[in-house]
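Hello,

Here is the structure for you to look over.

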Amino acid sequence: MKNPSSKREESSGAIHPLAQSIASSALTKGYDFFVNVPCGILAPLISAIDASARDAGYRHVYAPREDSAVGLACGAYFAGRQPLVMMQNSGLGQSINALASLTQPFRVPLTLLVSLRGHIASDSEENLLMGKLTAPILHGLGIETRTLGSASYEEDIVWAKSSFASGRSAALLVEPDLMGWSAST
Amino acid sequence: MNRMVCMKAVYDKLPTAPVVVTTGYSCREAMALGDRSLNFYMVGSMGLASAIATGIALCRPGPTVVLDGDGALLMNPSNAFMASALGCTNLLHIVLDNGSYESTGGQPTCAEGFDFASFALSIGYGDAACVDKLEDFLAVLDGFSARADGPFLIHAFIAKTAGTRAPRITLPLNVIGQRFRMALGASQTEQTVHQGRES
């Protein structure tokens, strides 16, 4: 009853190749604790991470809220892990106080993977404003950003890992169509 | 029973356990009582102490304690559901309930009459207790290691006070964070990197 992974196993289909490559890079670069709040754009990556983490014996947690995800990852960091937090940008709003008053002042270096709902004009109206605000909010918090796929995916993960190793949080932004999501689906 | 008496009981009964302390006077009094590198003083991000403690408990054997408040639990009860879903049997979730937000002027929380122990059991905690006397609190702490299949919640009623004499925390927050991480046994290499950045 309290083992969420047991309920999810039947839902896994074929793993998206790009998502698998990003997940593999993340594990290779030492990420060993994964937490997400679900998002349609990130869904292929969440599946790939879930499978890869399970194979490697790492934790992958489905959190109920984005600030809960940040808090959980913060605890994992204190216990020696290198966490990766995945969320939709609408939930970035939910986690601003956790980033502003917990991880940034305590210098907890989190790697965030944030999807960009509202990045394209055809997206739902309720997502458009946060689509515009995502990068400015992160920059205002002192968190560097980089668009996933701006170079090779492996280089993106190396960039995030180097931020972690130097004690800084960093965010990889995921554009809606990267793994096939579209606003009409 | 008051907050500092409860904190001292936790230090005495679980001397090697990491303790994540919630926002407000709880942090100030926990430090005033005796600073420990195994304490994490969560001075901001109200409501998230239980999430941090859950992350630690998932990654580390042995008990992890969160000193939560009634107002803090109400601010983000999602974390209690998460701790339960993850089956953290080594998480001791202590809710110090004074019915008020003392550090912002003593405004009442909306928790009056709430039974947090029943709430915890209803969402799958392994066990829960409700205490309002120190001897009962001590007895429950003594029995902590010998219980069931999920987090343990102690709902402890404490006296509401008019204020605290404990001073604000002045230790730099990055120092609190990094020494806490080191006390939990995290890698020395990363510590060196972080300290190097500060100099």
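The notes below go from conventions to the chain contact, then to single elements and residues.

This is a predicted model: local features need pLDDT of at least 70, side-chain atom pairs count only at pLDDT 80 or more, and totals for chains, interfaces and linings use all residues. Residues are numbered from 1 along each chain as its sequence is written, while chains are lettered from A and ligands numbered from 1 in the order in which they are written.

**Where the chains touch**

The contact draws 38 residues from chain B and 33 residues from chain A. Two residues are in contact if their C-beta atoms, placed from the backbone, lie within 7 Å. On the chain B side, α3 (49-59), α5 (78-85), α8 (173-183) and α9 (188-198) each supply at least two residues. Helices (H or I, at least four residues) and strands (E, at least two) are DSSP runs, numbered from the N terminus. Which helix gives the most to the side of chain B that touches chain A? That is α3(B), with eight residues. By type, this side of chain B has 19 nonpolar, 16 polar and three charged residues. Here Ala, Val, Leu, Ile, Met, Phe, Trp, Tyr, Cys and Pro count as nonpolar, Asp, Glu, Lys and Arg as charged, and the others, Gly among them, as polar.

**Two helices of chain B**

The axes of α3(B) and α5(B) come within 8 Å and cross at roughly 15°. Axes are lines fitted to C-alpha atoms, for helices over the stretch in contact, and angles run from 0 to 180 degrees between N-to-C directions. The two helices are therefore roughly parallel to each other (the term covers angles under 35 degrees). S50(B), A51(B) and T54(B) in α3(B) meet N79(B), A80(B), M82(B) and A83(B) in α5(B). The residues of this contact are four nonpolar, three polar and no charged.

**Two residues of chain B**

L96(B) sits in strand β4 (residues 91-97) of chain B. L96(B) is buried, because 22 other C-beta atoms lie within 10 Å. A residue is buried if 20 or more other C-beta atoms lie within 10 Å of its own, exposed if 12 or fewer, and partly exposed in between; C-beta atoms are placed from the backbone. Beyond its neighbours within four places in sequence, L96(B) has contacts that include R3(B), L67(B) and I158(B).

S45(B) lies in the loop between β2 (39-41) and α3 of chain B. Its phi is near 40°, a positive value in a residue other than glycine. S45(B) is buried, with 28 other C-beta atoms within 10 Å.

**The sheet of chain A**

Chain A has an open sheet of six strands in the order β2-β1-β3-β4-β6-β5, with parallel pairing. Two strands pair if DSSP finds at least two bridges between them. β2 (59-62) and β5 (144-147) of chain A stand at the edges with a single partner strand each, so one side of each has no neighbour in the sheet. Neighbouring strands are turned by 20° against each other on average, direction ignored. Strand β1 (residues 33-36) of chain A pairs with β2(A) over four bridges. N36(A) has Y62(A) in β2(A) as its bridge partner.

R107(A) lies in the loop between α6 (96-103) and β4 of chain A. R107(A) is not a glycine, yet has a positive phi of about 55°. R107(A) is partly exposed, with 19 other C-beta atoms within 10 Å.

Best wishes

Key: Parallel < 35°, antiparallel > 145°, perpendicular 65-115°, else oblique.
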